[in-house]
Amino acid sequence: QQQQQQQQQQQQQQNQAYVPPKGPAPPKLDAKFEDHALYQIKSSVLKEMESMVNEGMEVAKRKKALRFLQLRWHPDKNPDKLEIANSIFQFIEETKPWFLHDPNAEGS
């Protein structure tokens, strides 16, 4: 019985002194992942634009959608993601002539 009490006391002391180990170190930022994420966002924006063009959406509605995309990805609106926002905003600006092209206006 005395032995059991000593073992219990030792366990209590061990439990009190036990400090759980620290968690794993935070993951390192992988630039390749950032590039991949940026590619995915640009692809998504382009897919959205292509679907509007393919559906034959009016130019006025496409202008409104473009304005929404410009505001959504404007660098001033995304100060925490400045580099990403800059890149996507620039991509939107580069696709603007294609996106706002009106095939009906060519004959005029």
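In which helix is the place of E50? Select E50 in this predicted model: the residue lies in helix α2, which covers residues 31–54. Its relative accessible area is 35%, so E50 counts as partly exposed, between the limits of 20% and 50%.

**The whole chain**

Four helices and zero strands are present, and the order along the sequence reads α-α-α-α. Colour the 108 residues by accessibility: 19% of them count as buried. Among contacts between residues at least 6 apart in sequence, 61% join residues at least 24 apart.

**Helix α3**

Select residues 59–72, the 14 residues of helix α3. From first to last C-alpha the helix reaches 20 Å, close to the 20 Å expected at 1.5 Å a residue. Show the side chains of V59, R62, A65, L66, L69 and Q70, which are the buried residues of α3. Turn the view to look down the helix axis: these buried residues fall within an arc of 140 degrees, so they line one face of α3. An α-helix has 3.6 residues a turn, so residues three or four places apart point the same way. On the other side of α3, select A60 and K64, both of which are exposed.

**Helix α4**

Next select residues 82–99, helix α4. Its 18 residues should span 26 Å at 1.5 Å a residue, and the end C-alpha atoms are 24 Å apart, which agrees.

**Where α3 and α4 meet**

Display α3 and α4 together. How do their axes cross, and within what distance do they come? The axes come within 10 Å and cross at roughly 170 degrees. An angle over 145 degrees counts as roughly antiparallel, and α3 and α4 are therefore roughly antiparallel to each other. To see the contact, select R62, L66, L69 and Q70 on α3, together with F89, I92, E93, K96 and F99 on α4. By class, five of the contact residues are nonpolar, one is polar and three are charged.

Compare this selection with the earlier ones. On the α3 side, R62, L66, L69 and Q70 make the contact and are also among the buried residues of that helix.

Notes: Residues numbered from 1 in each chain as written. Predicted model: local features only at pLDDT ≥ 70, side-chain atom pairs only at ≥ 80, totals over all residues. Heavy atoms only, no water. Helix = DSSP H or I, 4+ residues; strand = E, 2+ residues; numbered from the N terminus. Expected span 1.5 Å × (residues − 1). Buried < 20%, exposed > 50% of the residue type's maximum accessible area, 1.4 Å probe, protein only. Arc of directions from axis to C-beta. Axes fitted to C-alpha atoms, helices over the stretch in contact; angles between N-to-C directions. Parallel < 35°, antiparallel > 145°, perpendicular 65-115°, else oblique. Contact = heavy atoms within 4.5 Å. Nonpolar A, V, L, I, M, F, W, Y, C, P; charged D, E, K, R; others polar.
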